[in-house]
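Subject: Structure handover

Hi,

Here is the structure for you to look through. Please open it first, then read the notes below.

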Amino acid sequence: MSSPSLPPIAANLERVRERMARAALQAGRDPAAVTLVAVTKTHPPAYAAAAIAAGQYDIGENRPEEAWAKYGDRTQPELAGMRLHLIGTVQSRKAAIALACQPVLIHSIDRLKIARKLSELAQAQGRVLDVLFEVNISGEATKAGFGPDALRQALPELLSLPGLRSHGLMTIPPWDPDPEKARPYFRALRRLRDALIQEYPEADWSQLSIGMSDDFEVAIAEGATLVRVGTAIFGPRR
Ligand SMILES: *Cc1c(COP(=O)(O)O)cnc(C)c1O
């Protein structure tokens, strides 16, 4: 991209990918087993276009209405090939917009009500949505997500919803400048996932969406298959 107002997105992406690969190799993992989702929330569509031009097709947004406004029309050549990930809470009244965004994955199914609603809407369109369940693993009162016990209680219904297909779990640890502080939460999510593999072997639990700009290396060491990185690629948000 030639616009002088853009941050060095291609160079930042290269640096993040290098750090990801190093973290994977250090953990004895295949770097190809970790997908980078570049989070463009608050930034104009030119940022996503620059990422796509640099070969970064997985793009994340946390609000369906913002995703729709920016990427609802992906026929523009600059956005061709984008795989849109929805990574934030979907309000019930925004469920139809979330569906219209044609997300490749919704990381953030955080309550039964929205799961039922999205399933119903998807089914009515003859579609099946690929989703992760968001877990409030820290138990913080302000955090979205199922508590581990609530998730277990809801899973028989969640896994039977005809319009949803689950692939694993997502969490957001409490914010802390020290990435090591996130490790116990990532590890707890992985252990919950490992238990669920035993309890529901018929479901797909392959995906762990953990890790952001400050802690993605720790997340990769703890088994992340998806990292959601904004600031380290696109700079600070307005
Ligand atoms: C904004 C956001 C991110 C990216 O955060 P950075 O710290 O900028 O990398 C990741 N996950 C979710 C759910 C977000 O809303």
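**What was found**

The accessible surface of the protein chain is about 10,800 Å², and carbon and sulfur atoms hold 52% of that surface. Accessible areas come from the Shrake-Rupley method with a 1.4 Å probe, and for residues only the protein chains shown count as cover.

Some ground rules. This is a predicted model, where local features need pLDDT of at least 70, side-chain atom pairs count only at pLDDT 80 or more, and totals for chains, interfaces and linings use all residues. Residues are numbered from 1 along each chain as its sequence is written, and side-chain values use heavy atoms, with hydrogens and water left out.

**The whole chain**

The protein chain has nine helices and eight strands. Both are DSSP runs numbered from the N terminus: helices are H or I with at least four residues, strands are E with at least two. The C-alpha trace spans about 50 × 40 × 30 Å along its principal axes. Buried residues make up 48% of the 238 residues. Buried means under 20% relative accessible area, exposed means over 50%, and partly exposed is in between (1.4 Å probe, protein chains only).

**The cores**

A nonpolar core is a set of buried Ala, Val, Leu, Ile, Met, Phe, Trp, Tyr and Cys residues joined through side-chain atoms within 4.5 Å. The largest one has 65 residues. Leu151 and Leu169 have the most contacts inside it. Helix 1 (residues 9–26) gives the most to this core, with six residues. A second, separate core has five residues, including Val37 and Met170.

Look at Leu169. Its contacts (heavy atoms within 4.5 Å) include Phe133, Leu151, Trp205 and Ser209, not counting residues up to four places away in sequence.

**Helix 5**

Helix 5 (residues 112–124) has 13 residues. It reaches 18 Å from its first C-alpha to its last, close to the 18 Å expected at 1.5 Å a residue. That expected span is 1.5 Å times one less than the number of residues.

Which residues of helix 5 are buried? They are Ile114, Ala115, Leu118, Ser119 and Ala122. They cover an arc of only 130° around the axis, so they sit on the same side of helix 5. The arc is that of the directions from the helix axis to the C-beta atoms. Among the elements covering these buried residues are helix 4 (95–100) and strand 5 (129–134). The face turned away from the buried side carries the exposed residues Lys113, Glu120 and Ala124. Gly126 follows helix 5, with a positive phi near 65°.

Best wishes
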